[in-house]
Amino acid sequence: APAQRRRERASTALSLQVGFVTAFLLVIVVLPIAAVVWKSTGNGWSGFWSVVSSPQAVAALKLSVVTSTLAVLTTAVFGTIIAWVLVRDDFPGKAVVNGLIDLPFALPTIVTGLTLATLYGPRSPFGINLAYSAPAIVLALLFVTLPFIVRSVQPVLMELDREIEEASTTLGASSFATFRR
């Protein structure tokens, strides 16, 4: 009987958790998307298509695709290299680099935006003004996405057997060939 009551309590708790998550996703995700779809089709499908195919919408879509593709390619290359260095090498300041990698996880979005605007805006201490430009978008995307790549690749690299790397080196492969393969 006590085991049965524990199962019933666990089942009730699970039901409450699923209900809470479903309600949260409904309010935060589904309702706003439904409102956008509803509002966008207010003038019918022809009105929707004329808005979506307008020059401003096409330019915004192109900007999003180009900047996000550039950010993905850059983070894939440099994120993998950074993860490799953090896993394979010991150097002074490694803890600082690890902390800097996790910084975007800890900063609120508004702080990140203000920091990037201060560092690369019209009053930049570096004399670089990237405000309201495609490079600024790429820079913001890099700042936000790089930690995800590094933290995703690190466990995979930790699991790789070092003996395979050593065998590759003894067989004459360069460091880059070992890394690449």
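**Ground rules.** I am working on a predicted model, where local features need pLDDT of at least 70, side-chain atom pairs count only at pLDDT 80 or more, and totals for chains, interfaces and linings use all residues. Residues are numbered from 1 along each chain as its sequence is written, and side-chain values use heavy atoms, with hydrogens and water left out.

**Largest pocket.** I looked up its volume and got about 460 Å³. A pocket here is an open set of points on a 1 Å grid over the protein atoms alone, where a 1.4 Å probe fits, with protein on both sides within 12 Å along at least five of seven lines. Lining residues have an atom within 4 Å of a point. The volume is the space filled by probe spheres set on the points, which are joined across faces, edges and corners.

Which residues of the lining are closest to the centre of the largest pocket? I noted Thr112, Gly113, Leu116, Ala117 and Ala140, out of 23 lining residues. Helix 4 (94-106), helix 5 and helix 6 each give two or more residues to this lining. Helix 6 has the largest share, with seven residues. Helices are DSSP runs (H or I, at least four residues), numbered from the N terminus.

I then sorted the lining of the largest pocket by class: 18 nonpolar, five polar and no charged residues. Nonpolar covers Ala, Val, Leu, Ile, Met, Phe, Trp, Tyr, Cys and Pro; charged covers Asp, Glu, Lys and Arg; the others, Gly among them, are polar.

**Second largest pocket.** Its volume is about 200 Å³. I found Trp84, Asp161, Glu165 and Arg181 among its lining residues. Helix 7 (162-170) and helix 8 (175-180) each supply at least two. The classes are six nonpolar, two polar and three charged.

**Helix 3 and helix 6.** The axes of helix 3 (residues 55-88) and helix 6 come within 6 Å and cross at roughly 40 degrees. Axes are lines fitted to C-alpha atoms, for helices over the stretch in contact, and angles run from 0 to 180 degrees between N-to-C directions. Helix 3 is therefore oblique to helix 6. Under 35 degrees counts as roughly parallel, over 145 as roughly antiparallel, 65 to 115 as roughly perpendicular, and the rest as oblique. The contact of helix 3 with helix 6 has 21 nonpolar, eight polar and two charged residues.

**Helix 4 and helix 6.** These axes come within 8 Å and cross at roughly 125 degrees. That makes helix 4 oblique to helix 6. I logged the crossing of helix 4 and helix 6 as left-handed.

**Single residues.** Tyr132 has a positive phi of about 60 degrees although it is not a glycine. I placed Tyr132 in the loop between helix 5 (109-120) and helix 6 (134-159). Is Tyr132 buried or exposed? Tyr132 counts as exposed, because its relative accessibility is 87%. The cut-offs are under 20% for buried, over 50% for exposed, and partly exposed in between (1.4 Å probe, protein chains only).

Val156 lies in helix 6. Val156 is exposed, at 51%. I took its C-alpha distance to Ile81: 13 Å in space, for 75 residues in sequence.

Ala23 lies in helix 1 (residues 2-40). At 39%, Ala23 is partly exposed. Ala23 and Ile128 are 45 Å apart, C-alpha to C-alpha, and 105 residues apart in sequence.

Note on methods: Left-handed = near helix turned anticlockwise from the far one by under 90°.
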